[in-house]
Amino acid sequence: MPIRRLSPETVNRIAAGEVVERPASAIKELVENALDAGGRNIEIQADGGGLSRILIADDGKGIPKDELPLAIERHATSKLEPDDAGDVDLLRIHTLGFRGEALPSIGSVARLSITTRSRDEAEAWVIQVEGGATRPLAPAPFPGPHGARVEVRDLFYATPARLKFMKSERAEAMAISEEIKRQAMAHEAVAFTLSLDGKVALRLPAEHPGDEGRLKRLSALLGRDFEANALLIDQARDGVRLTGYAGLPTYSRGNAAHQYLFVNGRPVKDRLLQGALRGAYADFLARDRHPAAVLFLDIDPLYVDVNVHPAKAEVRFRDPALVRGLIVGALRHALHAAGHRASTTVAADAMAGFQPHTGVTTGPAYSPSSPSAQGFSGWTGWSQPAAAAQVLPGLNERSARVEPSWDGPAWPQPSAAHDPSAHDSRLTSHPTPQDPLDYPLGAARGQLHANYIVAQTRDGLVIVDQHAAHERLVYERMKAQMAEGSVTRQALLTPEVVDLDPAEAERVASRAEELAEMGLIVEAFGAGAVLVRETPAMLGDTDVQGLIRDIADDLAEHGLALSLKERLAAICGTMACHGSVRSGRILTAPEMNALLRQMEATPHSGQCNHGRPTYVELKLHDLEKLFGRR
């Protein structure tokens, strides 16, 4: 078959397959054009999942009449300016769009109409394209002083085969809504209105530029819970700045859908950024939990390549290690500054679990001399659901122990005795506070079921899982010890050769220095293998082949050796679990208070090693509402 030159219409339709994958991608391109034109009020309408009709209206600078025919030609754009020699620098992109493909691509597969009035012209003009065929310019009415209205009808009518790959109208509408949310997150100073099938689905007023306005915009899009549990991120390194908000570990999600990443205001899906985000939370979340975060990376355009894919959703960094280090460092700094703070949703979930009861059944009479008289409850005959009724008998002297408010001398020194009534040698002593109620976690008042410490604060109460809390304290101490010195290694009796794909072997060998810091000594062994000489001692007799392959997979997907870090973390977590205060251990008042003070002084003590909360705080006004006092 001879080589033929494709017709312009065919070329445009091929390009449309890359740029306009679905209605949401067409809307993305048109909204970015509106933002580049300086629009401050952008209205989006979509009918039939965007396949029947799309309308994007903005109040930007508009397109001059003489430039309208050029706007629908391929690779014609106002966003790239050649230098004196006529060369265009594609490494200094300051706009969202620059390829000049969106409008001609859409016009080649749909019925496209562009109505615009520029700031310098008194009249508005319209140009229409149907399946690649252009109609002449014509005068048109326009509602505003300047701007543009781009209408797309019957998307993909000129390529019927593409329609077969579209999802349901509802699924396409959800994708459109998600795309507008991403654009709105990146531009809080711009007002957005989204209407789906004639109904307003999203109305976002313009917010004040900056952190406060951005958080208000994120609250409107992600909910009040995100606003209440988000940590401010603002760090810079070597000319690269990271801002945004990241959720507390106890506000984690079951998937990565609540992770939004932006580079120079452009929404991206980048493995490097996602891997760095996951790595920052590796010590705080189980593998099946994901942090919620909205992060904005501002970097000199010279150091990031956005011309990787026609959809511009992928980027490539000149110094990926700098970007990864900045993200991990900034997030860990914010998590460290959060201290023992836990998600507010924990208290809300706890309050939702309370059930008010008004009737009391007859039961054993209460007597001050009964075995549980010194506990929180001496009755076993409350009218309760069957499941709860079986718990109440456990509230005896051992499982519901009340101690008076601690207002004595300094905390007793830990004792080495193994008697349950002795002080735990693993709890650090502190000077006596003048008023324990003023501490964030308050003063211990008792112990429930030999596992839960109940403390009183100035404006509420706190319930602490003593085992989970102390496990976190021991784990943080072990991490600090590992950071102070190198990880102890054990030499393999016979070095083990692990066969890999050549690219995988090269990735693992290139990270030999990083792996050595974690106790794993590897070196290249030919084109498609690595040689393992030493492994971390705490791993014991481990599957070296499986470990190296897991590391290779992590390096390919995330750019981080998460498998080894997670295995070391798992070992530390297991050791911490065995070295911490066990469930069922009766603690004295000084020991309980010492544990509370250590939690307040230890970062990340608000969640256990798997991201679950270690304590629940209930405010007094919540308790009063529970009993109808408010």
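1. Strand 3 (residues 111-117) and strand 7 pair in the antiparallel sense over seven bridges, where strands are DSSP runs of E of at least two residues, helices are runs of H or I of at least four, and both are numbered from the N terminus. Two strands are taken to pair if DSSP finds at least two bridges between them. Within this pairing, the bridge partner of Arg117 is Gly147 in strand 7. This is a predicted model, in which local features need pLDDT of at least 70 and side-chain atom pairs count only at pLDDT 80 or more, whereas totals for chains, interfaces and linings use all residues. Residues are numbered from 1 along each chain as its sequence is written, and side-chain values use heavy atoms, with hydrogens and water left out.

2. Strand 3 also runs antiparallel to strand 4 (residues 124-130), to which six bridges join it, and Arg111 stands opposite Glu130 of strand 4. Because six of its seven residues are buried, strand 3 is largely enclosed by the rest of the structure; buried means under 20% relative accessible area, exposed over 50%, and partly exposed in between, with a 1.4 Å probe and protein chains only.

3. Strand 7 (residues 147-153) is joined by six bridges to strand 2 (residues 53-58), and these two strands run antiparallel. Here Ile54 has Val152 of strand 7 as its bridge partner.

4. Helix 6 (residues 169-186) has 18 residues and spans 26 Å from its first C-alpha to its last, close to the 26 Å expected at 1.5 Å a residue, the expected span being 1.5 Å times one less than the number of residues. Its buried residues include Glu172, Ile176, Ile180, Arg182 and Met185.

5. Ile180 is also listed among the residues with the most contacts inside the largest nonpolar core, which has 59 residues; such a core is a set of buried Ala, Val, Leu, Ile, Met, Phe, Trp, Tyr and Cys residues joined through side-chain atoms within 4.5 Å. Residues up to four places away in sequence aside, Ile180 touches Ile27, Val31, Ile44, Phe192, Leu194 and Leu202, contact meaning heavy atoms within 4.5 Å. A second, separate core of 37 residues includes Leu231, Leu285, Val304 and Leu326.

6. Asn229 lies in the loop between helix 8 (224-228) and strand 10 (230-237), and counts as buried because its relative accessibility is 0%. A polar atom of the Asn229 side chain lies 2.7 Å from the backbone oxygen of Asp225.

7. An open sheet of three strands has the order 21-23-22 with antiparallel pairing; its edge strands, strand 21 (489-499) and strand 22 (521-524), each pair on one side only. Neighbouring strands of this sheet are turned by 15° against each other on average, direction ignored. Four bridges join strand 22 to strand 23 (residues 529-536), and Ile521 has Glu534 of strand 23 as its bridge partner. Helix 14 (residues 502-510) packs on the sheet, touching strand 22 and strand 23, and its direction makes about 40° with that of strand 23; axes are lines fitted to C-alpha atoms, for helices over the stretch in contact, and angles run from 0 to 180 degrees between N-to-C directions.

Key. A polar contact is a pair of N or O atoms within 3.5 Å; within protein, one must be able to donate a hydrogen and the other to accept it, and residues adjacent in sequence count only if both atoms are side-chain atoms.
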